[in-house]
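Okay, thanks for coming, everyone.

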Amino acid sequence: MRRRAAEYRRPVRRRLFNWIWALLGLFSIAALVLFVVLHNHQEQIKSPIIVKSPEVENFHHEKSNFTQEILSVTSFARQLGEQMILAKAYVIIAKEHNNLQLAWELSYRIRRCQLLLSKAAMRGTPITLDEAQPLVESLSSLIYKAQDAHYDIATTIMTMKSHIQALEERANAATVQSTAFGQMAAEALPKILHCLNIKLTTDWHRNPVMQEVANDKRNSPRLVDNNLYHFCIFSDNVLAISAVVNSTISNADHPKQLVFHIVTNEVSYGAIQAWFLLHDFKGATIEVQNIGELSWLNSSYSPVLKQLNNPEYTTYYNELPQDAKAEMKFRNPKYLSMLNHLRFYIPEIYPLLEKVVFLDDDVIVQKDLTPLFSLDLHGNANGAVETCLEAFHRYYKYLNFSNPIISSKFDPQACGWAFGMNIFDLIAWKKENVTARYHFWQEQNGDRTLWKLGTLPPGLLSFYGLTEPLDRRWHVLGLGYDMNIDDRLIESAAVIHFNGNMKPWLKLAIDSAYPFTVFLPLFYCAFAELCNGKYFALAVHLHPVVL
């Protein structure tokens with residue numbers, strides 16, 4: 001059974017925030033208590049008084065609850081606790097003024113107080129007068145010494161205030177650093193995957209027969225047969241693509257009727273071709289193309305390609321922004337990859353097809369997707385799951401509505417939707433000229449004032465009024481960052497989407513405490529001596545045959 005979401009490990013960033021704000025709250029409370037205690041002890045500090053009341057005497061005759069004792073205003077434990085609060089504050093102030101001897105003496109007395117309180121709590125009996133008096137007197141003497149050194153209430157409060165401000169600055173810096181490290185971890189390619197690409201690429205270049213087979217398959221009539229079910233994936237990650245393809249095939253009622261169209265870059269082309277040629281996927285047809293072979297896709301035709309080739313875009317990506325905390329999410333290499341924008345050119349890449357299901361490379365399919373092709377899109381070009389159940393997934397959160405070109409044409413409260421699993425009616429797409437719409441908005445956003453980066457904002461603009469809402473169970477998002485997705489929703493989903501930085505093939509996501517326990521077989525790899533030239537075994541959803 002999958003563990004409940006509440007038991008899952010929190011992400012590093014969320015734990016950091018909780019720790020920081022808890023510490024800030026503690027400092028604020030300590031400052032308030034310090035002010036009250038100092039006010040109450042101004043006159044008592046010069047000649048310490050040990051309170052010994054009838055109530056205190058009662059503690060000596062029976063075992064007591066230590067929590068009740070520490071809260072009792074007449075107990076020695078309470079007096080020691082108040083003295084420790086003062087002493088801890090003066091330790092900080094003494095260090096600030098380089099009075100290390102006083103700081104050491106105060107710290108020593110504080111440790112003795114803590115030891116006495118700990119012993120009292122363990123034995124279950126109250127602190128006696130004989131135990132408390134030496135410590136209270138010595139701490140009072142040191143606190144008087146600190147006050148005599150002009151560490152008064154005003155100095156103490158100002159010092160605590162400066163410490164809180166410094167802690168806030170450190171918290172902000174730690175947040176930015178955590179975001180940066182998380183982004184670096186998400187961008188890094190695990191060593192085993194790098195070895196996989198190298199091994200497959202080597203096999204591809206050393207095997208001319210494999211290359212001939214790949215050329216022959218390019219002319220297969222199944223690639224343009226609209227009676228079959230066509231899926232397209234644009235990625236350079238062989239492991240991710242294989243997981244998507246095989247999970248789709250494994251859950252299909254008729255896998256031989258599936259056709260997968262994969263476009264990748266020149267670097268990964270050989271590895272991906274070799275992978276799908278070396279293994280059979282239950283008779284499904286798989287086409288792999290190199291984006292460099294799409295000669296019509298050039299800077300004169302595609303505004304986004306022209307922008308991506310502009311050095312200013314690279315500079316914008318590489319330079320640390322002023323608001324690094326807010327902008328770090330845009331520093332992802334995928335925003336500089338044309339593969340990320342190929343989804344807007346599907347009719348040009350596959351001109352003879354009528355319907356296509358688009359899949360991101362970070363999804364896993366759990367149910368048969370062929371019923372998508374029989375859905376009535378009511379003349380719309382795009383079928384997608386809406387995401388506006390949460391307020392921040394509406395148009396005004398993605399687009400700059402202060403710009404009149406946006407505010408005059410779009411409703412800021414319009415519901416957003418998700419890329420990652422979409423059914424596209426390419427006939428309606430061509431009729432509405434969606435690609436031309438996309439080009440128009442990319443040209444308008446040359447200075448990045450309408451939106452920052454990414455494909456969803458231009459998608460929202462290009463498919464505005466042309467998107468048919470699908471049942472939410474077709475596509476469940478958030479598994480790459482959200483720990484609180486309902487288990488029942490995940491189990492009922494046709495497609496689960498690991499959008500976010502915690503991809504299943506990365507070390508920061510594959511953890512026994514993470515809610516991917518059920519999905520690890522989809523991605524887990526055993527690369528025994530892979531880099532030495534031997535082949536390997538993959539888990540069921542990655543490698544259906546060789547096992």
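Predicted model: local features only at pLDDT ≥ 70, side-chain atom pairs only at ≥ 80, totals over all residues.

So, let's start inside, with the lining of the largest cavity: its residues divide into six nonpolar, five polar and one charged. Residues are numbered from 1 along each chain as its sequence is written, and side-chain values use heavy atoms, with hydrogens and water left out.

Back to that cavity. By cavity I mean a set of points, on a 1 Å grid over the protein atoms alone, where a 1.4 Å probe fits but cannot get out; lining residues have an atom within 4 Å of a point. We get two cavities of 30 Å³ or more, and the largest holds about 80 Å³ of space. That volume is the space filled by probe spheres set on the points, with grid points joined across faces, edges and corners. Among the lining residues are Tyr313, His341, Trp451 and Lys452. Which helix gives the most to this lining? Helix 12, residues 303–308, with three residues. Helices here are DSSP runs of H or I, at least four residues, and strands are runs of E, at least two, numbered from the N terminus.

Next, the disulfide, meaning a pair of cysteine sulfur atoms within 2.5 Å. There's one: cysteine 388 with cysteine 415, sulfurs 1.8 Å apart. The pair links distant parts of the chain, 27 residues apart, with cysteine 388 in the loop between strand 6 (382–384) and helix 16 (395–398), and cysteine 415 in the loop between helix 17 (404–407) and strand 7 (421–425). The link is left-handed, at -95° about the S-S bond.

Last stop: is leucine 352 buried or exposed? Exposed, because its relative accessibility is 56%. You'll find leucine 352 in the loop between helix 15 (346–349) and strand 4 (355–359). Leaving aside neighbours within four places in sequence, leucine 352 is in contact (heavy atoms within 4.5 Å) with Val224 and Asn226.

Key. 1 Å grid on protein atoms, 1.4 Å probe; cavity = no way out; pocket = protein on both sides within 12 Å on 5 of 7 lines; lining within 4 Å. Nonpolar A, V, L, I, M, F, W, Y, C, P; charged D, E, K, R; others polar. Buried < 20%, exposed > 50% of the residue type's maximum accessible area, 1.4 Å probe, protein only.
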